[in-house]
Amino acid sequence: MMTVKLVGSLLFAVSGVVMAVSYSRFQTKKLNTIDGFISLLFYIKGQIDCFARPRSDILSTLPLEVFCACNCPHGADTLEEMVEASRIYLDEEPLRLVASFSSEFGSTFKDEQLRRCDYYISALSEERRRVFSEVQSKSRAGSALWICACVGIIILLW
Amino acid sequence: MQVINLKRQASGVDPLPEAVMRALPYRLSDEIRRTGYPVIEEIRMRASRRCSLVVSGRNIMLDTVLEPREVSDILEGMCQGSLYAFSDTINQGYISLPGGVRVGVCGRAGCEGERIIGIYEISSLSVRIPHKTRPVGREICRLLHGFKYTSGVLIYSPPGIGKTTLLRSVATMLSSGAWDSDQDPLRTVVIDTRGELAFASEGSDLCLDVLSGYPRRQGIEIATRCLNAEVIICDEIGDYEEAMALVASHNCGVPLIASAHAENITQLLSRTGLRLLHEARIFGAYASIRRDGRGGFLYDITMHSECF
């Protein structure tokens, strides 16, 4: 009986730590995803400004690191695919911004397209600042909650 | 579906270039195929008006009427969903597609002073489709050979006669040496400013370099200083500033074959830019062309020394 209790307690403790770590990583991933899309927008802006490259060519030359940051480790053919792959990591407002950019990308002339890139970079950077300030506190709070919950269950079971 | 495909094959209509077919609405491309014309020179699409074809110089009206939104979507499709990539040429009134297809764009211009910054509310598109022809232009090659490759030739005619087609064929002949059994290929550089001369699909045995999208002045400088050209070919010259720059950069002695719009030699040389080139002796001869009705050209040559 004691052995079972010990094993059970150990399992709860391990799961608590795992959940805490996963939650912390999830929060960090949200930040990395926004960073990824900001890098993507900078890259797109440069390709349009310097080379006026069509959208399909831009994505075919996008560095793999940016794809990975946007949760597409095997690459993507369209911006919509990248937005869909990142959906769970983006809050409402960043998701709205990247979805809006991908839907209107390529439908305007060069000067206007560059201005829109600037707007979305600025808006996403603002969202990044907000998410950054939340991530640390959420990670700590979430991790503590998971561990405390598991410790509490262990104590109850004993 | 099987019956429809067989019928399309039986109509004997040459397929339009893929870049054009992909962008057209199905009902328009289907009507074009059903007309049965083997060679279509132009497709003209107008918002809220009937579309038309140009076949052997004649205008053929179609039944299809496109909505304004459809015309805009066709342009966006031709631009591969990247309108910004074609901003510069759209503001000049055209876009160039793979295969030498040139699409004229008409709409409402957004201007900043004298500068066009964008074209909105696209109202019509005019798709000019190049076609392969039998080799022509031996006479131009013989002229050049007669000058011992020290002087160039200016080809002129009214619009739509086939100057670009002739230049394309001359470039192929000179760069392959095919115009005469005793001739070696020449290092030929084509300055394809508007993307119409289109050599991407030509043979692999051509001694040919293509400067696609380059302004003519810079293209000639690169051709002479970096590419060691033996002959330079470019299309549609005549602008005065361009002529001044051509004179300045053309002291290298490489012959230039070019084209210009004009009805006759008097009209040709009355244009300020071309007069400047004439006085600088850039061209040894001026060749007026007209179609012979069998896919070739008739030439009316005026030597430089015969001009006033």
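Biologist: What volume does the second largest pocket have?

Modeller: The second largest pocket has a volume of about 920 Å³, the volume being the space filled by probe spheres set on grid points that are joined across faces, edges and corners. The model is predicted, so local features need pLDDT of at least 70 and side-chain atom pairs pLDDT 80 or more, while totals for chains, interfaces and linings use all residues. Residues are numbered from 1 along each chain as its sequence is written, chains are lettered from A and ligands numbered from 1 in the order written, and side-chain values use heavy atoms, without hydrogens and water.

Biologist: What makes a space a pocket, and what makes one a cavity?

Modeller: On a 1 Å grid over the protein atoms alone, a cavity is a set of points where a 1.4 Å probe fits but cannot get out, whereas a pocket is an open set with protein on both sides within 12 Å along at least five of seven lines. Lining residues have an atom within 4 Å of a point. For the second largest pocket, 32 residues form the lining. Those nearest its centre are B:R128, B:G160, B:G162, B:T165 and B:R291.

Biologist: Why is the second largest pocket placed where it is, relative to the domains of chain B?

Modeller: It lies between domain 1 (2-128) and domain 2 (138-306) of chain B, because both give residues to the lining. The domain bounds come from an automatic or database assignment.

Biologist: Which elements of chain B each supply at least two residues of that lining?

Modeller: They are β5 (101-112) and α7 (163-176) of chain B. α7(B) gives the most, with four residues. Helices (H or I, at least four residues) and strands (E, at least two) are DSSP runs, numbered from the N terminus.

Biologist: How many cavities of 30 Å³ or more does the search find?

Modeller: Two, in the whole structure. The largest cavity holds about 60 Å³, and its lining includes B:I191, B:D192, B:R194 and B:E236. By class, that lining has two nonpolar, one polar and six charged residues. The second largest cavity has about 50 Å³. Among its lining residues are A:F37, A:L41, A:V83 and A:F101, and the lining divides into seven nonpolar, one polar and no charged.

Biologist: Which term describes how α5(A) and α6(A) run, and why?

Modeller: The axes of α5(A) and α6 (110-157) of chain A come within 10 Å and cross at roughly 165 degrees. Angles under 35 degrees count as roughly parallel, over 145 as roughly antiparallel, 65 to 115 as roughly perpendicular and the rest as oblique. α5(A) and α6(A) are therefore roughly antiparallel.

Biologist: Why is α6(B) called oblique to α7(B)?

Modeller: Their axes come within 9 Å and cross at roughly 55 degrees. That angle makes α6(B) oblique to α7(B). The axes are lines fitted to C-alpha atoms, for helices over the stretch in contact, and angles run from 0 to 180 degrees between N-to-C directions.

Key: Nonpolar A, V, L, I, M, F, W, Y, C, P; charged D, E, K, R; others polar.
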